Amino acid sequence: MFGKSRFSRRDFLKTTAALGLGGAMSSSLLAACAPAGPAPAGAPAAEGGAAGPSGSVTIALHFDLQSLDPIKTFALNNGRWQKNVFGYLIKRDEEMNPVPGGGLALSWEQEDDLNVVFKLREGVKFHNGEDFNADAVVYSFERLLDEANASPQRFNYTAIDRFEKVDDYTVRMTLNEVDPVIITKLAGYGGAIVPPQFVEEQGADYVSATDIPGTGPYQIVEYRKDDSLTLEAFDGYWGEAPKIKTLVYRIIPDEATRLAEFLAGGVDVVQLQPSQVAAVEGSEDLEVFPTGVPTVNGLRLDASKPPTDNVKVRAAICHAIDTQTVIDTILQGYAVPMAVWQSPYSFGYDPELQPYAYDPDLAKQLLAESGVADPTLVYNVIGDDATAKEIANTVAAMLEAVGFTVTIAQKERATYFDDYRAGTLDNIVPFGWGGWTLDADNTYYSMYYTGESYNPGFSDPEIDALLDEQRSTLDQERRKEILFQVNKLIYDQYPDAMLYQAQYLWGVNKRVKDLALPADERLWFASASVS
Amino acid sequence: MWNYLIQRLFYSIFVLIGISLIVFITVRLTGDPVAMLLQDGNPSQEDLDEMRRLLDLDKPVPVQYVNFLAKAVTGDFGRSFRYSTPALGLVLERMPATLKLTLAAMSVAVLIAFPLGIISAVSRGSPLDFGVRLVSLIGISMPNFWLGIILIIIFGVNLRWLPVSGSGGLKYLIMPAIALGSALAGTLTRLLRSSMLDVLSDDYIRTARAKGLSGRMVLTRHALRNALIPVLTILGLQFGLLLGGAVIIENVFAWPGVGRLVVTSIGLRDYPVVQASVILLAVILLTVNLLVDLLYTVVDPRVTLD
Amino acid sequence: MASSTQANSAALRAELSASQAAEEASRARSRRRWRRALHSLRRDPSAIFGLIILSIVVFAALFAPWISPHDPGLVDPLKRLLPPFWSEPQGSMEHILGTDAVGRDILSRIIYGARISLGVSLISVFLSSVVGITLGLIAGYYGRWPDAIIMRLVDIQLAYPLILFAITVAAIFGASLRNLIVVLVIANWVTYTRVVRGEVLVRRQTQYVEAARVNGCRDVRIIRSHILPNVFSSILVIFTLQVAFVLILESGLSFLGLGVEPTIPTWGSMLNEGRNYIMTAWWLETFPGLAIMFTVLGINLLGDWIRDVLDPQLRID
């Protein structure tokens, strides 16, 4: 379940800089899942521009910032503040489509498959007074791609060969290979534009600087490690002036404390667990907004370890679990069962494919047919993940009802991920995958291709071949056909049980209006107001 | 006295070396930080080797340890893998918050324990005494995070008298200090009660009373002073427990102390920070215990150190 | 020369038998003390209260399979978060103290939890007392370098924050019942070592030990018959305090995710699982919390009484 509890620093999420293949998606599909802003289009209280920004909003973070330096971050936790401080060439709308002129690039033009020319916005200043221009863009990407900087974001951008200055407000991006999602990638964490002079002056101290300037609507005024990050409205912001004066991001590690802070009014925006929603219900001041996200959670069944190396055993497990009951009870209904590791947000999602049916009799029969003498399963769970433990206990009971013996083995959070990647976990491994590229390739390649790091034990030559094929296919319709084929092949091998698309439960105090809660978790405060 | 101090100092150095060795080895058993640092970049083997070299992790562990020790003596504990800043600086930055919490908890405990312990001893056998004993036992019997959550719900959420969590002025300190200090308060109350009773029955107190000294004089001059010895011992011993308990309380109250730093650092395998924190905490504990021993001689002239 | 040695040894033998007589007398005294203790128990209501609580807990632990109304591991998500019986309309006598987040019966889990929690405490405290006493005896009895090494180990242990050690162990070996016990043993041996060593140092200088030694009694025998009986009361007092302390420590480790496997009910893990529901389903948190609190209270009340009885110096009247 680590997709649900946003704890791990790596959030494995392949945050992939929230790539997103927005353009390839049908927006009607998104309409069904896209989050709605907290307030109905109620008129914001902005009047005549006379009043400056006012008020303060507090947002809970679950763990400390990895860094203030955008290229040093990868956890989604950072997205909650970062977008408000830094500017990117590309801005995506709430449906994850790139908006021309929404970011620091006014427009872009594809010269050929490998060259894109960007027209830059003029008159933009960094918080420290430096000018934003072509040099800043070239510098920022050189810095990102420089291996010496060891950016965890770098690998998302390796298709970029270089950025060149054409004139002060024009740059050309040259690719060394085709990357169909490179434009949205520029809206990701690694694409933040930094002020060259400032960074150079700071030198080696830059990584520990606490006043890194960006071009966003808010600037950093104070950062106290493991405690808080305070942002203040930047009066020189090029876009519409923000209405809230101060944003305080507080790091609160304990779930129960976060809820208490939210109930006490100490925190205005918080991500809740399903079990906590009931405590908020009935409150006059607080609201909960379930937001569909592309993250899919499920139980990986390790195909390299007995008895889950037997496909009938895996099938028996899949049919023995009553996913809908788990969702209705422990997850309080805030999830949707999925057939394979793809959400409806994803390019390659096949709506025809149905989740494995709950059928204990079939499960018993499959287990008997498997011929496995000792149907003992070891189910891993992270020690401090309360929801995952509840699910584990419930699922274990369902499996035992059809004849399995289940042991639940608790793991420490940090070692869990390494053990997973090393393939040293056991039969049943709870896992979450962000799928933030919104494209099946990222998920399938990492999780099913033989020998990939997020694939502990699954191997199928046919799937490998198809995945290779779609990677070199530029025709999107053809790619979709191949991915549908892969869906089916994977589905028939039962590599994962109890898949569901997660929902984030944002708790928002009603005094905060018009807060954007996009599916990529990157809260956007520039248009929000507070009373 | 000086011999004693020199011997203690010598022992302390030995203990610190032992602790540094233990933390150095165990932290390396938790796993490889390099894979963790580079995991999101699909790193090549060369990348891994390069990173290992940069972090001084490519040499055999004994060599690493000697290098570490040589630098640590000069106050250089290496740079945090996570923040890229000096590890010692990170720990020192957090230490005041933890010490503040720990000392506040101790003060809460002492402030509660002294009046209660004295009242209880003086009114031995009365319902009041029974009540005090019960309350102090309840203080000992409640897991501190449970007490913390109950305090949060009552005073933070329902009454809204105090902030739920975070750091800042005195009002942020009240609930965590009570949650952390309640067990010590209970222990101290019981201890004071029994050592007061002990002293009150001693001959010289009886003599003092017989000589016509007032009850209050006897209490403060003689009884309390002598009862301080075991209290000091316990305070010294419990200081380590408080620091440990602070790890939990810091999490409950989102208090930015060393406890949280070191817990996350163990998880992230930030070796330098774990090493620096453990060694620094040990230095503080050793110092506190030495101070306690020295205080004995002040409180009770009969005690000599050798 | 030779004769004087003989005379000496004769004197020593006389002294030895005298000291044996003294030992005998002290044993008789101790027997009387116990009788008096039982008598005093009747007049000590708080000790009786402690005894009652502990009897209930021990009874629950011993007879869990017969008295618990349900299987403590029986999961039923459709029956989750049912309130205690008195709470209308959902509460019923079916689940007297209600159910937890996955529909398990809380009363049954508390009854079985008594078994695990008390078992973990007793086993770990027993093991740490064995380790601690042995090291304390060695350090005190042999002195010199064994003493120096053991006491430095004690110093190291005292200066190493326990929780951090526990987290490291969990990170290396994983969180489980066995590892929990190991951590608790490592945490608690020190107290015994310090106390036992102190006592031994005092006893070693008494004449009967000297005499026994000169007379060629084997160390093991001296320790068993002359030293151990004398430190027994201190050990018993520490033992009771430690059992109570470990019950609380276990819950703290559970809080940090370092407790036992989730299928095993312990009071600490139940207390921890209930935290998220404290505002909406208070019974998940409150009952295991009260179980810990009352048990620790009971042990301490009884411990007070044991101390009063065994340590006459603390008896005032």
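Arg80(A) sits in helix H2 of chain A, which covers residues 76-85. The model is a predicted one. With a relative accessible area of 0%, Arg80(A) is buried, because the limit for that class is under 20%. Its C-alpha atom is 9.4 Å from that of Ala60(A), a residue 20 positions away along the chain.

Other charged residues are paired. Side chains of opposite charge can pair when their charged atoms come close. Over all chains, the structure holds 31 salt bridges. One of them joins Glu261(A) to Arg250(A), with an N to O distance of 2.9 Å. This pair links distant parts of the chain, 11 residues apart: Glu261(A) belongs to helix H6 (residues 255-264) of chain A and Arg250(A) to strand S12 (residues 244-251) of chain A. Glu261(A) is buried at 3% relative accessible area, and Arg250(A) is buried at 13%. Also in chain A, a network of salt bridges links Glu111(A), Asp161(A), Arg162(A), Glu164(A) and Arg172(A).

A further salt bridge, between Glu390(A) and Arg80(C), has its closest N and O atoms 3.8 Å apart. This pair crosses between chains: Glu390(A) is in helix H11 (residues 386-401) of chain A, and Arg80(C) is in the loop between H3 and helix H4 (106-142) of chain C. The relative accessible area is 10% for Glu390(A), which is buried, and 11% for Arg80(C), which is buried.

Within chain C, Arg104(C) and Glu273(C) form a salt bridge at 3.6 Å, N to O. The two are 169 residues apart, Arg104(C) lying in the loop between H3 and H4 of chain C and Glu273(C) in helix H10 (residues 267-273) of chain C. Arg104(C) is buried, at 3% relative accessible area, whereas Glu273(C) is partly exposed, at 23%.

The surface of chain C carries a nonpolar patch made of Val58(C), Phe59(C), Leu62(C), Phe63(C), Trp66(C) and Ile67(C), with about 620 Å² of accessible area together. Helix H2 (45-62) and helix H3 (64-67) of chain C each give two or more residues to the patch, and H2(C) gives the most, with three. Phe63(C) lies in the loop between H2 and H3 of chain C and is partly exposed, with a relative accessible area of 35%.

Arg31(C), Arg32(C), Arg35(C) and Arg36(C) form a positive surface patch. Arg36(C) is part of helix H1 (residues 2-42) of chain C and is partly exposed, at 48% relative accessible area.

Methods: Residues numbered from 1 in each chain as written. Chains lettered and ligands numbered in written order. Predicted model: local features only at pLDDT ≥ 70, side-chain atom pairs only at ≥ 80, totals over all residues. Heavy atoms only, no water. Patch = residues over 30% accessible without salt bridge, like charges linked within 9 Å, V, L, I, M, F, W, Y side chains within 5 Å. Areas by Shrake-Rupley, 256 points an atom, 1.4 Å probe, with all protein chains shown as cover. Salt bridge = Lys/Arg side-chain N within 4 Å of Asp/Glu carboxyl O. Helix = DSSP H or I, 4+ residues; strand = E, 2+ residues; numbered from the N terminus. Buried < 20%, exposed > 50% of the residue type's maximum accessible area, 1.4 Å probe, protein only. Lys, Arg positive; Asp, Glu negative; His and termini not counted. Charge placed at Lys NZ, Arg CZ, Asp CG, Glu CD.
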